[in-house]
Amino acid sequence: MDLYFKRHDGQAVTCEDFYAAMRDANNVDFANFLLWYSQAGTPTVKVTSFYNSEAKTYSLKFSQEVPPTPGQAVKEPMLIPVAVGLLDSNGKDMPLTSVYHDGMLQEVSTDGQPVYTTVLLIKKKEEEFLFSEISERPVPSLLRGYSAPIRLDSDLTDADLFFLLAHDSDEFNRWEAGQVLARNLMLSLVADFQQNKPLALKADFVHGVRSILCDGSLDKEFIAKAIDLPGEGEIMDMMDIADPDAVHAVRSFIRKHLASELKAEFLKTVENNRSSDPYVFDHSNMSRRTLKNIALSYLATLEDAQITELALNEYKTATNMTDQFAALTALVQNPGETRDEVLADFYSKWEHDFLVVNKWFGLQAMSDIPGNVENVRKLLQHPAFDLRNPNKVRSLIGRFPNSPVNFHAKDGSGYKFMGEMILQVDKLNPQGASRLMSAFSRWKHYDETRQALAKAQLEMILSTNGISDNVFEIASKSLAA
């Protein structure tokens, strides 16, 4: 950055200028780095490892592939920096001094001192790096600090991932290990659900969540992030044919099962992290609130009268919007009288604050309760809603696709609602309508029934007289994709 500003302060510059400053300041050959600017698609990097106990060496083999995208069928290998550390059997980082690569031994130590994380530069389709003087089989910590925006496919076992989750000094990788375990678990349960097999949760997964939840040495914000499951959209992205119903059923099952198994721990977490002190905006208070509220969110899945009372108490005694809105969110997960009453109460308290009313609309729009499209249609008639107000449109209509199970409803009601709304908004705000169109961009990722229903809406939009250029462009591109 220093060199970049020294060269270009006050000038109009290009990506190539920024790249040159990076290259020259570090005296490193970034030969194919500019492909990140010109080549579409997310690279997938596969990693396999081998430990030679006789030679005390450990090798990491990398292979990369960038999937074809429209207009770019053939891809060149990218420059991918992978930050790596190796953990011994006690979970401690191993000292690294050198790595053998491309026929050369490269020193990685600094001033003769070993390092515990080193960056491996992947430049070719296939590369191998060999570490020497490794006294035991390590567990690799790959892509530390999310050193490159790639999809990583490694040969780490579930046991390795649980080990990283418990011991890795890199918090990103510790979190990612838990996410990978959760993604793998969710995908395997989705397959069971699709084959009508009973759903069951492995005891070691529950144990892993419990150990993090009860570890007082960890930052509370990290605990909250680590026990939160991957979203439904993330799991559907990993499937060849996305199944919103199966993914929703599985995620709901895991959340409910964890809440049931760890009920005492979650209740203690809520109790230990509530506070009636005046609101303070700092890290310790923010992380305390985040952890308490995710624990409350899990407990609310149990549909238990005692928990409902607890959540209502949190709602009524909250001293700040974060806690009150989190309690409201927990309470509205389940349809019924309590849900309706608390939503009405929240609106009556905040009806004069437009930003809060937008949050209130958004919460209801992306609810997963069955048949929610009808509730959203009713909210269009609410006195606080105005189709001419872009923020209101974004809060209510724009948030509706955030509930995949309702937007992708098998009867097509979600698609039909969005199709109608896009045309209505287009007459008032073409840019806003074109943003809403993005909900249909992945329509070919679903089963044939859903594809036909989504395609019918895209064709209906395109055949409507007088649609804006903005909407026409996105609808036609989506249809052609």
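This is a predicted model: local features need pLDDT of at least 70, side-chain atom pairs count only at pLDDT 80 or more; totals for chains, interfaces and linings use all residues.

Reader: Ok, and which way do β4 and β5 run, and how many bridges join them?

Author: They run antiparallel, with 4 bridges joining β4 (residues 98–101) to β5 (residues 104–107). The two strands make a hairpin with 2 residues between them.

Reader: What's up with aspartate 102 in the turn?

Author: Aspartate 102 has a positive phi, about 55°.

Reader: Switching topic: what volume does the largest pocket have?

Author: About 1400 Å³. It is lined by 41 residues, and Arg255, Ser297, Thr329, Gln333 and Asp368 are the closest to its centre.

Reader: Which element gives the largest share of that lining?

Author: That's α13, with 6 residues. Other elements giving two or more include α9 (244–261) and α11 (283–299).

Reader: And how does the lining of the largest pocket split by class?

Author: There are 15 nonpolar, 16 polar and 10 charged residues.

Reader: What about the second largest pocket, what's its volume?

Author: About 810 Å³. Of the 25 residues lining it, Arg151, Leu152, Glu176, Val180 and Arg183 are the closest to the centre.

Reader: Which element gives the most there?

Author: α5 does, with 8 residues. β8 (139–142) and β9 (151–154) are among the elements that give two or more.

Notes:
Residues are numbered from 1 along each chain as its sequence is written. Side-chain values use heavy atoms; hydrogens and water are left out. Two strands pair if DSSP finds at least two bridges between them. On a 1 Å grid over the protein atoms alone, a cavity is a set of points where a 1.4 Å probe fits but cannot get out, and a pocket is an open set with protein on both sides within 12 Å along at least five of seven lines; lining residues have an atom within 4 Å of a point. Grid points are joined across faces, edges and corners, and a volume is the space filled by probe spheres set on the points. Ala, Val, Leu, Ile, Met, Phe, Trp, Tyr, Cys and Pro count as nonpolar, Asp, Glu, Lys and Arg as charged, and the others, Gly among them, as polar.
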